[in-house]
Amino acid sequence: MKLVDVLSRIDAVPLRDGRRVIAIAGAPASGKSTLAAQLAAHREDAFVVPMDGFHKDNADLRAAGLLDRKGAPETFDAEGFVAFARGLRKPCDLRYPTFDRATDSVVINGGVLPCDARTVLVEGNYLLLEALPWSDLSDFWDFTLLLDVPIDVLETRLVTRWRNYGFDPDAARTRAMQNDIPNARLVRSSSVQANLTVAGTEF
């Protein structure tokens, strides 16, 4: 499927309360951010909202023994994200937290969703997860898209990602296989069916 085909499907989604909210889900390194940015670049009324800003603080994760699992569902403020998604149609600018990969930390109120955005592209790993509280998100999406990428391709991408962050080859593979790949398998096995599933290798 080509980008123009995805755009066509999104364009066909009717506005609800003046806005269409599109969920773009997929495993780590499946290309969610890339696809969302490409779609937004073709629509003047589109805006991308990443889920990454809802990571829990590293200190809290360390205290809970979850720092090594950062990126797993339980390491996100899922309830806070659901509350944010519930307000996505408010007729005003909406502030939301963003994630700074350079410092591995959340930036409170780091992003602003402008009130004139008519197409909101929300991207994240667990937008279609069937377990609570993530499953509550289904009420807020007007259209859902799932990126499907084979595990072996994800492994290669994830190891490369960690290498680019300065890890040596063995450490990069360990980071990918001990945390990212289990999360990827969860997304692939426990996400509900999307309105549109596309091969992430096409974008």
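Cys92 is partly exposed, with a relative accessible area of 34%; here buried means under 20% relative accessible area, exposed over 50% and partly exposed in between, with a 1.4 Å probe and protein chains only. The model is predicted, so local features need pLDDT of at least 70 and side-chain atom pairs count only at pLDDT 80 or more, while totals for chains, interfaces and linings use all residues. Residues are numbered from 1 along each chain as its sequence is written, and side-chain values use heavy atoms, leaving out hydrogens and water.

**Cysteines**

A disulfide is a covalent bond between the sulfur atoms of two cysteines. It is counted here when a pair of cysteine sulfur atoms lies within 2.5 Å, and by this rule the count is zero. The sulfur of Cys92 is 7.6 Å from the closest cysteine sulfur, in Cys115, which is too far for a bond. Cys115 is also partly exposed, at 39% relative accessibility.

**Nonpolar cores**

A nonpolar core is a set of buried Ala, Val, Leu, Ile, Met, Phe, Trp, Tyr and Cys residues joined through side-chain atoms within 4.5 Å. The largest has 42 residues, of which Phe81, Val122, Trp134, Trp141 and Leu154 touch the most other members. Elements giving two or more residues to this core include β1 (20-26), α4 (78-86) and α6 (169-190); helices (H or I, at least four residues) and strands (E, at least two) are DSSP runs numbered from the N terminus. Leaving aside residues up to four places away in sequence, Phe81 touches Met51, Phe54, Val122, Leu127, Trp134 and Leu137, where contact means heavy atoms within 4.5 Å.

**Helices α1 and α2**

The axes of α1 (residues 3-11) and α2 (residues 32-41) come within 11 Å and cross at roughly 70 degrees. Axes are lines fitted to C-alpha atoms, for helices over the stretch in contact, and angles run from 0 to 180 degrees between N-to-C directions. The two helices are therefore roughly perpendicular to each other, a term for angles of 65 to 115 degrees. In this pairing, Leu3, Val6, Leu7 and Ile10 of α1 meet Leu35, Gln38 and Leu39 of α2.

**Backbone features**

The peptide bond from Leu132 to Pro133 is cis, with omega near 0 degrees, and Pro133 is found in the loop between β5 and β6 (143-148). Two residues other than glycine have a positive phi.

Definitions and conventions:
Parallel < 35°, antiparallel > 145°, perpendicular 65-115°, else oblique.
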